[in-house]
Amino acid sequence: MHKLDWELYLLPFEQAVEEIKVKLKNIRNELRKRKEHSPIEFAMGRVKSIPSIYNKANRLQFPIDENICWEIRDIAGVRVICQFIEDIPAVVEMIRKRQDMRVYLEKDYVTTPKESGYRGYHLAVEYPLNMADGQVTIPVEIQIRTLGMNFWATIEHSLNYKYEGILPSNVRQRLIEAAKASYKLDSEMNNIRDEIKEAQAEFTQKEVPMDSLLSLVEIDLDVDEEYEEMNLEEGIETNDEKH
């Protein structure tokens with residue numbers, strides 16, 4: 001078995017993440033310009049680091065070769081964040097209908113959360129890419145969460161990092177209770193989603209002071225990039241591995 005050239009091997013994964021992010025953001029922007037509700041609040045992504053690939057491969061006893069990406073399906077990971085629980089199936093259906101990727105595996109942790117309390121919807125897709133030597137198809141994992149689910153998963157990851165994956169029982173139980181509270185809040189917001197959408201639409205149509213307007217524009221432009229700078233290994237990697 002020859003040694004992988006990781007720089008070349010990971011190149012299509014980097015390209016796939018960037019392409020899918022752009023496509024998802026374009027959907028969001030199109031719907032907003034059409035004055036329609038976008039189920040996509042923002043999208044972010046990452047390519048798994050080489051040490052993380054080796055750690056996962058060694059833990060699961062996968063050989064490190066050209067096919068490692070089909071064993072570790074989340075080398076390329078994209079995350080979609082939604083406002084409401086009802087937005088999640090809308091995004092899932094959008095992805096299912098696309099002609100530029102094929103869904104081959106789905107995991108619904110929204111209706112059936114993990115024992116840890118984690119919720120989210122995971123799609124494994126085959127994504128074709130046009131490279132210099134022709135077309136290649138690679139696996140990409142797409143996670144879909146609400147803002148609340150994403151906040152909880154980020155906190156859980158931080159605690160797992162602190163305790164090196166072995167959470168004290170009292171911390172684990174409090175996380176489970178926090179997950180229930182987070183989902184209850186998501187459910188309540190989902191119940192009044194029509195009122196929230198109307199309020200948001202009215203707010204964007206009204207004149208607001210220039211300082212407030214500039215701050216809103218800045219937040220809207222920066223939100224995707226800010227979250228991409230966070231440690232995206234957390235949910236895309238650990239929530240499929242450690243439970």
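Which strands does helix α1 (residues 6-33) lie across, and at about what angle does α1 run to β4?

Analyst: This is a predicted model, in which local features need pLDDT of at least 70 and side-chain atom pairs count only at pLDDT 80 or more, while totals for chains, interfaces and linings use all residues. Residues are numbered from 1 along each chain as its sequence is written, and side-chain values use heavy atoms, with hydrogens and water left out.

Helix α1 lies across β1, β2 (76-82), β4 and β5, and runs at about 115° to β4. Helices (H or I, at least four residues) and strands (E, at least two) are DSSP runs numbered from the N terminus. Axes are lines fitted to C-alpha atoms, for helices over the stretch in contact, and angles run from 0 to 180 degrees between N-to-C directions.

The sheet itself is open and has 5 strands in the order β1-β2-β5-β4-β3, with mixed pairing. β1 (42-47) and β3 (102-108) are the edge strands; each has a single partner, so one side of each lacks a neighbour in the sheet. From one strand to the next, the twist averages 25°. Two strands pair if DSSP finds at least two bridges between them. Strands β4 (residues 121-131) and β5 (residues 134-146) are antiparallel and pair over 11 bridges; P128 has T137 in β5 as its bridge partner. Helix α5 (residues 147-162) also packs on the sheet, where α5 touches β1, β2 and β5, and its direction makes about 95° with that of β5.

Helix α4 (residues 87-97) has D87, I88, V91, V92 and I95 as its buried residues, buried being under 20% relative accessible area with a 1.4 Å probe, protein chains only. These residues cover an arc of only 140° around the axis, which puts them on the same side of α4; the arc is that of the directions from the helix axis to the C-beta atoms. The buried residues of α4 pack against β2, β3, β4, β5 and α5, contact meaning heavy atoms within 4.5 Å.

A nonpolar core is a set of buried Ala, Val, Leu, Ile, Met, Phe, Trp, Tyr and Cys residues joined through side-chain atoms within 4.5 Å. The largest such core has 42 residues, of which I95, L123, V140, I142 and I144 touch the most other members. Helix α1 gives the most to this core, with 10 residues. Leaving aside residues up to four places away in sequence, V140 touches A16, I20 and L123, among others.

Notes: Buried < 20%, exposed > 50% of the residue type's maximum accessible area, 1.4 Å probe, protein only.
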